[in-house]
Amino acid sequence: MTVFKHHGEMSTEKRSENGFRVVHLGRRFGRFYRQRSWHWVFFLAALFLMCSVPFAFKFFSHGNLENRALNTREVQEVISEYLPCTIGFSESVTEIVELKDFMNFSRFSLDYIEKEDKPSTTNFFEPRFGGHQSLQEREKSFYAENQTLHCGFVKGPPQFPSTTFDLDERDRTYMNTCEVVVSSCIFGSSDFLRRPTSRTISEFSKKNVCFVMFVDEKTLLTLSSEGNIPDDEGHIGLWRIVVVKNLPYKDMRKTGKVPKLLPHRLFPSSRYSIWLDSKLRLQADPMLIIEFFLWRTRSEYAISNHYVRHCVWEEALRNKFLNKYNHTAIDEQIIFYQSDGLTKFDPSDPNNPLPSYVPEASFIVRAHTPMSNLFSCLWFNEVDRFTTRDQLSFAYTYLKLRRMNPEKPFYLNMFKDCERRQMVKLFKHRQLSPPSVT
């Protein structure tokens, strides 16, 4: 067993110097203007409002909270999520060692459908990157057992066009060597390039972790015009720029789910991976993240809860309110899930298997175990079948996988969103792709 150095969390409190000045000023006003004390009341109220504006703006400008009036419960939850929290990382990567038996989770073999033939029963056939999974195949795929299942990268017959996501052979060769991966993507020039904060990344991680940024040709041209030109080995800073040609979906958001949800397919030799959305900048060492969120908790998969919403129904309403996706498609997805046993999240139920049914899915830490890989495939298949809003399908996928495999647990660590924000810095998108209406 590995000996870890644990460091107790320290919290210090600093009294505001401005606060003392306010008290003293109050006393002075009290001494000299006792008969006009109401002036002091208005002064304090104005001062409180001035100090509160930046704090409140930070709440309401974060993520999907734009243009929204929160109710009292939601405000309390947001405030609790924004309270500082400390991550007890080890001092350095030299102090951490992978547990010898860490990967001894549920064992079974997964193979993937690589090709589909045209059915003889239909005249119309169009190859799809996600394949044509029947409801019977979908149901069977949730069993944690030796199986061959749909998991993207499905090709059609030779006479049909490729289902795409084409990579250069040099990039494939490089990706096949990666054992620990940090990955992200920018498609459709939707974001600026956010380089990991180099000073927080150890030399060990710089040499042994693959940092891969997937981009399309349009994004590469935009980055180059801004002075971000890959070197001879294809790197911009720590990022290895991997160009994807012939994108599999017209919806850029849906194409982005391929590297987000299927890292074990793209990096077949990888043992661990960290995903971060392109709106985030990594500010912590990848190996320290893996040790803290996976090794120390003996988890296969780690993702944070949403900072305010915890019920899938609330998330669906929010997506419709912001026109994130076709409303009918969202309703059909939720009705389907409800008919298959998904219930609303009850925060008072002590038997809830998760602290939230809605993740803040911009940051994911994985061990590439059979159960973790199966969950990734299942989650991707839901996104491919229904809407691209992966937060709607996360809880259903996890709960169904858990329900159908009671003797094979999936060790998922759903941590606090304030911990996620300790590891990354959030930026606004350059521009948002128009929501899908299909």
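Ser372 sits in helix α13, with helices (H or I, at least four residues) and strands (E, at least two) taken as DSSP runs numbered from the N terminus. The model is a predicted one, so local features need pLDDT of at least 70 and side-chain atom pairs count only at pLDDT 80 or more, while totals for chains, interfaces and linings use all residues. Residues are numbered from 1 along each chain as its sequence is written, and side-chain values use heavy atoms, with hydrogens and water left out.

With a relative accessible area of 0%, Ser372 is buried; buried here means under 20% relative accessible area, exposed over 50%, and partly exposed in between (1.4 Å probe, protein chains only). Setting aside neighbours within four places in sequence, Ser372 is in contact with Glu300, Tyr301, Arg366, Ala367 and Phe410, contact being heavy atoms within 4.5 Å. The C-alpha atoms of Ser372 and Leu412 are separated by 8.8 Å, and these two residues are 40 apart along the chain.

Of the contacts between residues at least 6 apart in sequence, 84% join residues at least 24 apart.

Next comes helix packing. Two packed helices are described by the angle between their axes and the distance between the axes. The axes are lines fitted to C-alpha atoms, for helices over the stretch in contact, and angles run from 0 to 180 degrees between N-to-C directions. Helix α13 (residues 370–385) and helix α14 (residues 390–404) have axes that come within 9 Å and cross at roughly 135°. That makes α13 oblique to α14; angles under 35 degrees count as roughly parallel, over 145 as roughly antiparallel, 65 to 115 as roughly perpendicular and the rest as oblique. On the α13 side, the contact is made by Met371, Leu374, Phe375, Leu378, Trp379, Glu382 and Val383. Helix α14 brings Asp390, Ser393, Phe394, Tyr396, Thr397, Tyr398 and Leu401 to the contact. By class, the residues of the contact of α13 with α14 split into 10 nonpolar, 2 polar and 2 charged. For this sorting, Ala, Val, Leu, Ile, Met, Phe, Trp, Tyr, Cys and Pro are nonpolar, Asp, Glu, Lys and Arg are charged, and the others, Gly among them, are polar.

Helix α14 also meets α12. The axes of α12 and α14 come within 11 Å and cross at roughly 10°, so the two helices are roughly parallel to each other. Ile330, Gln333, Phe336 and Tyr337 of α12 make this contact with Leu392, Ser393 and Tyr396 of α14. The tally for α12 with α14 is 5 nonpolar, 2 polar and no charged residues.

Helix α12 has a further partner in helix α11 (residues 312–321): the axes of α11 and α12 come within 10 Å and cross at roughly 170°, so α11 and α12 are roughly antiparallel to each other. The contact is built from Val312, Trp313, Ala316, Asn319 and Lys320 of α11 and His327, Ile330, Asp331, Ile334 and Gln338 of α12. By class, the contact of α11 with α12 has 5 nonpolar, 3 polar and 2 charged residues.

As for the aromatic rings, rings of Phe, Tyr and Trp (its six-membered ring) pair if their centres lie within 6.5 Å; planes under 30 degrees apart count as stacked, over 60 as edge-to-face and the rest as tilted. By this rule there are 29 aromatic pairs. Phe129 and Phe380 make an edge-to-face pair, at 6.1 Å centre to centre with 80° between the planes. Phe129 lies in the loop between β1 (110–112) and α4 (135–141) and Phe380 in helix α13, so the pair ties together parts that are 251 residues apart in sequence. Both Phe129 and Phe380 are buried. Tyr337 and Phe386 are likewise edge-to-face, at 5.5 Å centre to centre and 75° between the planes. Because Tyr337 lies in helix α12 (residues 327–339) and Phe386 in the loop between α13 and α14, this pair ties together parts 49 residues apart in sequence. Tyr337 is buried at a relative accessible area of 0%, and Phe386 counts as buried at 17% relative accessibility.

One aromatic cluster is formed by Phe129, Phe153, Phe165, Phe214, Tyr249, Phe267 and Phe380. Phe153 is found in the loop between β2 (147–149) and α5 (169–175), and has a positive phi of about 60° although it is not a glycine.
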